[in-house]
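Let's take a walk through a protein model together. Have the sequence and the 3D view ready as you read.

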Amino acid sequence: MHNVRQVAPDLWWVGANDRRTTLFENIHPIPRGVSYNSYLLLDEKTVLFDCVDWSAAPQLVENVEHLLNGRGLDYIVLHHLEPDHGAGLWAVAQRWPEAKIVAGLAALRFMDQFGFAPIPGERITAKEGDRLSFGKHAVTFYAAPMVHWPDVMVSYEETEGILFSADAFGTFGALNGALFNDEVDFEGVWLDDARRYYTNIVGKYGPQVQATLTKAAGLDIKMICPLHGPVWRSDIGWFVGKYDKWSKYEPEDREVLLVYGSMYGGTEQAADALASLLVQRGVKVSVYDVSSTHVSQLISESFRCSHIVIASVTYNMDFYPPVRDYLEDMKALALKGRTFALMENGTWAPNAGKLMGDFITEELGGTLLEPRVTMKSTLSGAQAGELEALADAVAADVKGK
Ligand code: FEO
């Protein structure tokens, strides 16, 4: 059965939802699924903008066949060749071998490397500033390298003011019948997944996202059609503002993220006590067990929050391996500008604090608050004053005092 939605005059969503894949890129959990968005323009020429994952290709072909209603397909425009979009091309190219394939040079190369277009159709290389007219509608291409792969281009349709934004402004989450941002509770239900998507998939490339936002600022954008998640037709400035903050590595909230790594509960108990003291000082805190929280969630929260408190056991004279994974991921994604505070545990030789502190200052360029709280197995009642002092220091910094 076909499943399509009209997006604008002459333009239709023809993508598909995926609720079977559990790990996006085989890394990131997607319990709410994901959508692969494709769009079909029915103009004097017929144009398919992007494809879908291989698993969703039958749905894409059925949707396109339904809307073409016997017409041929003139163009396939590919803004991004990563297989979650490019793999479905194989099925589309088999069904409409006459379609001309339009993509950037790198995308065409990747298409061949992956083997997505075994049928030799005509190829048109799109470059920055190229304009392609399809009748009433025309698009102009803009390079957006590393948002999220080097092949990425976005395009702007000038009649309706539509930005085909590739991965930018995408999000995890299947489209459960809704298509537009104003058909869902985006801030309440989708924003966390949008942040987790951005920070983990594109987070490393903040300067490249900033460059793309600068190009987009010169366009009269009335609608954003991304490759994942809802189409934006209202409050566009609000979501662009989120991207602006994320790509500048600026926190959204002056709040505390408290991540603890605990083996037998002593460190967890101390982390809980600190959280309580912080809340009593008027500070919002989110607490996560590093062992049971996927690192993609910790990264997302690290982008959101201004302050990060880490409580870690000492393990093999190092800090806890899952804490190291978290901090290494933060380094890989180039997150900067956060303020940290530390608690360490070690039954006979607590060493995690110094090593975490060195990593934070030397590898992450982070700011470290004092004091650091050290416990041996558990935090004793006699150390209550130390915990109060740490809470005072963190709360004062969060509040900017
Ligand atoms: Fe949704 Fe970079 O692919």
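We'll look at a histidine, then at some salt bridges.

This is a predicted model, where local features need pLDDT of at least 70, side-chain atom pairs count only at pLDDT 80 or more, and totals for chains, interfaces and linings use all residues. Residues are numbered from 1 along each chain as its sequence is written, and side-chain values use heavy atoms, with hydrogens and water left out.

Start with H137, in the loop between β12 (131-133) and β13 (138-143); strands are DSSP runs of E, at least two residues long, and helices are runs of H or I, at least four, numbered from the N terminus. Is H137 buried or exposed? It counts as buried because its relative accessibility is 3%; buried means under 20% relative accessible area, exposed over 50%, and partly exposed in between (1.4 Å probe, protein chains only).

Now for the salt bridges, each a side-chain nitrogen of Lys or Arg within 4 Å of a carboxyl oxygen of Asp or Glu. The structure holds 26 of them. In one, R95 pairs with E65, with the closest N and O atoms 2.4 Å apart. R95 sits in helix α3 (residues 89-95) and E65 in helix α1 (residues 57-68), so this pair ties together parts that are 30 residues apart in sequence. R95, at 39% relative accessibility, counts as partly exposed, and E65 counts as partly exposed at 34%.

E255 and R304 also meet through their side chains in a salt bridge (2.9 Å, N to O). E255 is in strand β17 (residues 253-261) and R304 in helix α9 (residues 295-304), 49 residues apart. Both E255 and R304 are buried. Finally, a network of salt bridges links D192, R195, K242 and E252.
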